Amino acid sequence: MNVIIRNIPNTVTCLNVACGTLAIVSASRGSQPMWGLTGFEWTYIFIGLAAVMDFLDGFCARMLHAYSNMGKELDSLCDAVSFGVAPAILLFFSMTECGAQEWTRWLAVVIPVAAVLRLAKFNIDTRQTTSFIGLPVPANAIFWIGYSAMLLGGAGAPAQWYWFLPILLFESWLMVSPLKFFSLKFKTYGWKGNQWRWLLIVTAPVLVLCMGVPGLMWLIVAYVCYGLFASGK
């Protein structure tokens with residue numbers, strides 16, 4: 001029984017990478033119909049489910065006191081697929097769909113490179129217990145979901161290289177940057193000490209209701225801004 005309990009968080013983590021793999025397969029289908037939605041729409045859903053699993057595996061580990069070095073390494077490996085490779089594939093096929101310059105599509109490879117560097121730094125950095133140094137990789141994936149939806153919605157300008165290249169480089173740099181970002185882990189649920197978390201939680205539905213899926217891109221922009229204010233930079 002103890003063995004089963006210890007492996008519950010790892011099982012949830014494996015569901016993370018399963019969702020990430022399904023996101024990659026779905027992205028390759030592009031705008032083709034797939035179980036009532038387009039391949040892109042399923043990609044958004046699968047990456048979102050991977051993010052939920054990424055939250056739940058840590059929650060299960062804390063609740064069951066089932067921490068392990070294997071779980072830590074497994075989490076990073078799964079995150080690299082779900083929040084590094086999957087958004088890169090999504091971006092590649094989204095830009096293909098909207099007719100972006102061919103050479104710019106291949107720049108999507110920068111995303112998983114920055115993501116694995118971010119994850120490797122996280123694993124050896126003992127300072128990142130209650131906050132993050134560098135943009136968390138799930139936030140990176142959410143940003144590219146919003147960007148993809150904006151492209152596919154007919155906003156052609158962001159696909160042009162002079163828009164896309166600085167956005168890509170800046171977003172990738174954020175993951176490996178020394179900037180501090182708050183986590184969404186609550187020790188208490190009061191306003192004091194959690195004001196930026198609560199503000200982000202309120203911002204999320206407002207942006208999505210007003211803008212749809214592209215609002216997720218602006219949600220991460222808000223998170224970056226809130227993080228800068230919260231850290232006093």
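**Close-up views of a predicted model**

View 1. Cys60 takes part in no disulfide. The cysteine sulfur nearest to Cys60 belongs to Cys14, 13 Å away. Cys60 counts as buried because its relative accessibility is 12%, under the 20% cut-off. Cys78 is in no disulfide either. Here the nearest cysteine sulfur is again that of Cys14, at 5.5 Å. That distance is not within the 2.5 Å that a disulfide needs. Cys78 is buried, with a relative accessible area of 4%.

**View 2. The second largest pocket.** This pocket has a volume of about 200 Å³. Its lining is made up of 13 residues. Closest to the pocket centre are Ser131, Phe181, Phe182, Arg197 and Ala230. By class, the lining holds seven polar, four nonpolar and two charged residues.

**View 3. The aromatic pair of Trp161 and Tyr162.** A search of the whole structure finds 18 aromatic pairs, and this view shows one of them. The rings of Trp161 and Tyr162 lie 5.9 Å apart, centre to centre. Their planes stand at 75°, an edge-to-face arrangement. Trp161 counts as partly exposed, at 40% relative accessibility. Tyr162 is also partly exposed, at 48%.

**View 4. An aromatic cluster.** Four residues form one aromatic cluster: Phe143, Trp144, Tyr147 and Phe164.

Definitions and conventions
Residues are numbered from 1 along each chain as its sequence is written. This is a predicted model: local features need pLDDT of at least 70, side-chain atom pairs count only at pLDDT 80 or more; totals for chains, interfaces and linings use all residues. Side-chain values use heavy atoms; hydrogens and water are left out. On a 1 Å grid over the protein atoms alone, a cavity is a set of points where a 1.4 Å probe fits but cannot get out, and a pocket is an open set with protein on both sides within 12 Å along at least five of seven lines; lining residues have an atom within 4 Å of a point. Grid points are joined across faces, edges and corners, and a volume is the space filled by probe spheres set on the points. Ala, Val, Leu, Ile, Met, Phe, Trp, Tyr, Cys and Pro count as nonpolar, Asp, Glu, Lys and Arg as charged, and the others, Gly among them, as polar. Rings of Phe, Tyr and Trp (its six-membered ring) pair if their centres lie within 6.5 Å; planes under 30 degrees apart count as stacked, over 60 as edge-to-face and the rest as tilted. Buried means under 20% relative accessible area, exposed over 50%, partly exposed in between (1.4 Å probe, protein chains only).
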